[in-house]
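Please consult the sequence and the structure shown here while reading.

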Amino acid sequence: DLLRAEQFASQLLATAEELGTPRAIIAANWNAARLAQLTGDEEMALARMERAWAERSNYDDARNRARLIGAYAGLRLEVRPGEAAECRDLLLQAVRELRESSAGSLDLADCFHLLAIAEIELGNAEESLRYALKGLEENNDTSTELTASLQVRIGQAHLMLNQRDEAT
């Protein structure tokens, strides 16, 4: 029930601001951003994610901070594809930080997927293909949804390279 979820998210946001801790503010805004995304309010989703993003320097959990960077860049890429170059830089930072943290391979696979999308937006088919293949390797069929999406990016990259048979 999205209406109830929105009411609950509003309560959580108010409580998080009242608490004032980075962990509470980030968690409440990150989840509110996901909810706004589900309801189709992309600008609200981005605003909520940007509020979470503003607290990142105060966040001492390296793995979740790296995941936040990836989530922020991914949402920003979706809402503002014209900012793909900036999103790519953030995603590369997320990959570096994920590798230095206790993050699992699925987090890395997701970042590589988003990097493949950014490179497609930038017209860099070969780089997109490289990232999509890295994403498949990291994912190792853990997430069938991510595998399918990575295969779509591989197909798009091959089409951009006029390699129709490989794209198919």
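## Nonpolar cores and cysteines

The largest nonpolar core has 42 residues, of which Met49 and Leu68 touch the most other members. Such a core is a set of buried Ala, Val, Leu, Ile, Met, Phe, Trp, Tyr and Cys residues joined through side-chain atoms within 4.5 Å; buried means under 20% relative accessible area, with a 1.4 Å probe and protein chains only. At least two residues of this core come from each of helices H2 (22–38), H3 (42–54), H4 (62–79), H5 (84–100), H6 (105–121), H7 (125–139) and H8 (144–160). Helices are DSSP runs (H or I, at least four residues) numbered from the N terminus. H6 gives the most to this core, namely nine residues.

The model is predicted: local features need pLDDT of at least 70 and side-chain atom pairs pLDDT 80 or more, whereas totals for chains, interfaces and linings use all residues. Residues are numbered from 1 along each chain as its sequence is written, and side-chain values use heavy atoms, leaving out hydrogens and water.

Leaving aside residues up to four places away in sequence, Leu68 touches Ile26, Trp30, Met49, Ala52, Trp53 and Arg56, a contact being heavy atoms within 4.5 Å. Another core, of eight residues, lies apart from the largest one and includes Leu13, Ala16, Ala24 and Leu35.

The structure holds zero disulfides, a disulfide being a pair of cysteine sulfur atoms within 2.5 Å. The sulfur of Cys87 is too far for a bond, because the closest cysteine sulfur, in Cys111, is 12 Å away. Cys111 is likewise in no disulfide. Both cysteines are listed below.

| Cysteine | Relative accessible area | Class |
|---|---|---|
| Cys87 | 0% | buried |
| Cys111 | 4% | buried |

Definitions and conventions: Buried means under 20% relative accessible area, exposed over 50%, partly exposed in between (1.4 Å probe, protein chains only).
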